[in-house]
Amino acid sequence: MSSEWIQSCQRILDRIKDLEKTDDKDRLEYVRSIRFMLSALQRSILGWMQWINNPDIMTRFTREELSDMNKKIAEFTRAFIKYDLEITKRGAEKGLEAARRARRRSREREVIYI
């Protein structure tokens, strides 16, 4: 299982590298690329959850190795959550702006009878 996982991870890294090299992407290509990367991240997290929930595996790591894992995952998670927050705020602002424009258009089309 581990060797298959390693090979699969290498293929994913190669694919991400190819996606990063692609110049002149249109909007759909960016969406596809982001979807692929998030799916790869989800796959990796599920793998980590399988390991972390398996005492037979986790007892094989030293305290120092676990400390290093904890530190790296904390750094990565903090950065990802900060970015998530930033994009969520930006998306909310865009959603509010779209709603304001729709209300403005709706008001402009209103017919007032006197």
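Student: How many aromatic pairs does a search of the whole structure find?

Tutor: Keep in mind that this is a predicted model. A pair of aromatic rings is described by the distance of the centres and the angle of the planes. Searching the whole structure on that basis, the number of aromatic pairs found is two.

Student: Is the pair of tryptophan 51 and phenylalanine 61 stacked or tilted?

Tutor: The ring centres of tryptophan 51 and phenylalanine 61 are 5.7 Å apart, with 40° between the planes. Stacked needs planes under 30 degrees apart and edge-to-face needs over 60. So the pair of tryptophan 51 and phenylalanine 61 counts as tilted.

Student: And what separates phenylalanine 76 and phenylalanine 80 in helix α4?

Tutor: Those two rings form a stacked pair, 6.2 Å centre to centre with 20° between the planes. An α-helix has 3.6 residues a turn, so residues three or four places apart point the same way. Phenylalanine 76 and phenylalanine 80 are four residues apart in α4, so what separates them is about one helical turn.

Student: Within what arc do the buried residues of α1 fall?

Tutor: Ser8, Ile12, Ile16 and Leu19 are the buried ones in α1. They line one face of the helix, because seen down the axis they fall within an arc of 80°.

Key. Residues numbered from 1 in each chain as written. Predicted model: local features only at pLDDT ≥ 70, side-chain atom pairs only at ≥ 80, totals over all residues. Heavy atoms only, no water. Buried < 20%, exposed > 50% of the residue type's maximum accessible area, 1.4 Å probe, protein only. Helix = DSSP H or I, 4+ residues; strand = E, 2+ residues; numbered from the N terminus. Arc of directions from axis to C-beta. Phe/Tyr/Trp six-rings, centres within 6.5 Å; stacked < 30°, edge-to-face > 60°.
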